[in-house]
Amino acid sequence: MASPIEQFQVKPIIPVINFTNSSLFMIGAAAVIVGGLLYATRKKALVPGRAQSVAEILHDFVANTLTDTTGREGMKFFPFVFSLFMFVLTANLLGMIPGFFTVTSQIVVTFALALLVIGTVIIYGFVAHGVHFLHLFTPSGVPGWLLPFITVIEIISFLSRPISLSLRLFANMLAGHIALKVFGGFVVSLGTAGIGIALLSPLPLLMAVGLTALEFLVAALQAYVFTVLTCIYLNDALHPGH
Amino acid sequence: MAQAQTTQAGTEAHGGAHAADAAFPPFATETFAGQIIWLAITFALLYTLLSKLVLPRLSGIIENRRALIAKDLDEAAAMKTRAEEAGVAYEKALAEAKGRAQALAQETRAKLAAESDAKRKALEADLNKRLAESEAAISAKKTEAMSHVRGIAAETATAIVERLTGKAPAPQVVEAALEQAKA
């Protein structure tokens with residue numbers, strides 16, 4: 001039987017251009033997003049149908065999350081945040097289909113996305129506010145003697161953001177998929193172990209069913225968490241010194 | 001046994017790094033470059049398509065609906081104002097009509113009262129006139145009757161004396177006696 005971590009193996013499909021199963025599912029996620037949204041909005045109906053309702057709910061959901069955190073001026077990042085949310089959500093959910101590769105269970109992918117977020121924050125922060133952006137590390141109202149320590153802490157906290165952002169998503173997806181595979185493996189192991197023990201095999205099956213539901217929740221929740229944290233970091237770029 | 005060991009050693013020797021990678025695929029560094037490149041391509045494509053094509057369309061739909069609802073609400077508010085204005089105008093017209101009707105009623109009543117008053121007065125005058133005429137007639141009759149009283153008294157007195165004495169008294173004497181009795 002395959003090992004629980006075999007599902008995370010990146011396998012080349014077209015080695016010449018480094019096209020792997022990971023690349024395939026990235027492209028697949030993007031295609032599902034763009035195709036799905038275009039299909040849902042094809043009628044541009046005043047009274048939306050089911051598909052268009054879903055598209056509008058996703059749009060309003062991300063827009064509200066963004067404006068709640070950053071205010072109206074945060075809407076300039078809306079396409080970016082929407083792309084991130086949809087990409088992470090779709091990649092997570094595609095990974096739930098048996099046999100499909102989970103792009104977000106690759107630390108390099110989540111870390112690259114986190115770096116993209118932090119890079120956007122840093123570049124926009126400096127472009128929009130110049131040196132004033134560094135006020136992010138010197139909160140107002142702190143006593144003078146405490147300021148160096150606070151500044152060091154703030155810098156460490158800022159630098160640890162991409163790590164925590166990427167590790168959270170990666171670890172959640174990885175752990176969930178391993179747990180599912182392990183319990184699925186138990187069903188087979190117990191079922192083939194002997195007549196008496198085989199009677200126990202429905203137990204891990206029930207567990208796997210429960211875990212599947214939980215993993216769908218985690219897939220959506222982690223996409224949301226990633227998006228909310230992105231919004232909070234973007235708020236720092238929009239309003240440093242708060 | 002020895003052969004198995006050799007095979008295992010051979011596998012390890014065959015690719016030291018590969019064995020480590022096989023242990024945990026997400027940390028297989030040789031896949032990183034390819035994944036980053038494809039992620040960059042995919043995400044750039046996704047971002048471009050979403051920001052240039054999908055989101056304007058989606059926002060357009062939502063914005064259109066919002067604008068249409070706002071327009072409809074404005075129209076409804078305008079219509080409500082018009083309806084309220086019409087209501088006020090109706091109330092005014094009604095009040096005016098009521099006022100006119102009241103004035104007309106008042107006028108008619110006054111006219112009728114005046115007419116009946118005049119009729120009554122004419123009737124009263126007529127009655128008064130006839131009353132006065134009757135009174136005058138009565139008073140004339142009374143005077144006339146009174147003027148006959150002396151004559152009757154004189155005749156009666158003459159008749160009584162004649163019966164008593166057998167001889168009619170002289171009219172002068174009767175007159176004088178009547179004058180005396182009257183005094």
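Select A:Gln52 and A:Glu56 to start: their side chains make a polar contact at 2.8 Å. A polar contact here is a pair of N or O atoms within 3.5 Å; within protein, one must be able to donate a hydrogen and the other to accept it, and residues adjacent in sequence count only if both atoms are side-chain atoms. The model on the screen is predicted, so local features need pLDDT of at least 70 and side-chain atom pairs count only at pLDDT 80 or more, while totals for chains, interfaces and linings use all residues. Residues are numbered from 1 along each chain as its sequence is written, chains are lettered from A and ligands numbered from 1 in the order in which they are written, and side-chain values use heavy atoms, with hydrogens and water left out.

**Around A:Gln52**

Stay on A:Gln52, which is found in helix 2 of chain A. Helices (H or I, at least four residues) and strands (E, at least two) are DSSP runs, numbered from the N terminus. Is A:Gln52 buried or exposed? A:Gln52 is buried, with a relative accessible area of 3%. Buried means under 20% relative accessible area, exposed over 50%, and partly exposed in between (1.4 Å probe, protein chains only).

Now show what surrounds this residue. Leaving aside neighbours within four places in sequence, A:Gln52 is in contact with A:Ala40, A:Lys44, A:Ala45, B:Ile61 and B:Arg65. Contact means heavy atoms within 4.5 Å.

**Across to chain B**

Next select A:Glu56 and B:Arg65. Their side chains meet in a salt bridge, 2.8 Å from N to O. The rule for a salt bridge is a side-chain nitrogen of Lys or Arg within 4 Å of a carboxyl oxygen of Asp or Glu. How many salt bridges does the rule find across the interface of chain A and chain B? It finds 1 across that interface. The interface of chain A and chain B also has 9 residue pairs in polar contact, with both residues at pLDDT 80 or more.

Helix 1 of chain A gives the largest share, 9 residues. By type, the residues on this side divide into 30 nonpolar, 10 polar and 4 charged. Ala, Val, Leu, Ile, Met, Phe, Trp, Tyr, Cys and Pro count as nonpolar, Asp, Glu, Lys and Arg as charged, and the others, Gly among them, as polar.

With both sides selected, the contact takes 44 residues from chain A and 30 residues from chain B. Together the two chains bury about 3,500 Å², 79% of it on carbon and sulfur atoms. Buried area is the accessible area (1.4 Å probe) that two parts lose on being put together, summed over both.

**Two loops of chain A**

Go to A:Lys44, in the loop between helix 1 (21–40) and helix 2 (50–70) of chain A. A:Lys44 has a positive phi of about 50° although it is not a glycine. A:Lys44 is exposed, with a relative accessible area of 51%.

Then select A:Asn18, in the loop between strand 1 (12–14) and strand 2 (19–20) of chain A. The phi of A:Asn18 is also positive, near 60°, in a residue other than glycine. At 37% relative accessibility, A:Asn18 counts as partly exposed.

**Along chain B**

Over residues 36–55 the chain is 100% helix and 0% strand, with the end C-alpha atoms 25 Å apart.

Further on, select B:Glu124 and B:Arg120, which form a salt bridge with the closest N and O atoms 3.5 Å apart. These two are 4 residues apart in helix 3 (residues 32–165) of chain B, so about one helical turn separates them.

Finish at B:Glu179 and B:Arg150, whose side chains meet in a salt bridge of 2.0 Å, N to O. This pair links distant parts of the chain, 29 residues apart: B:Glu179 is in helix 4 (residues 171–182) and B:Arg150 in helix 3 of chain B.
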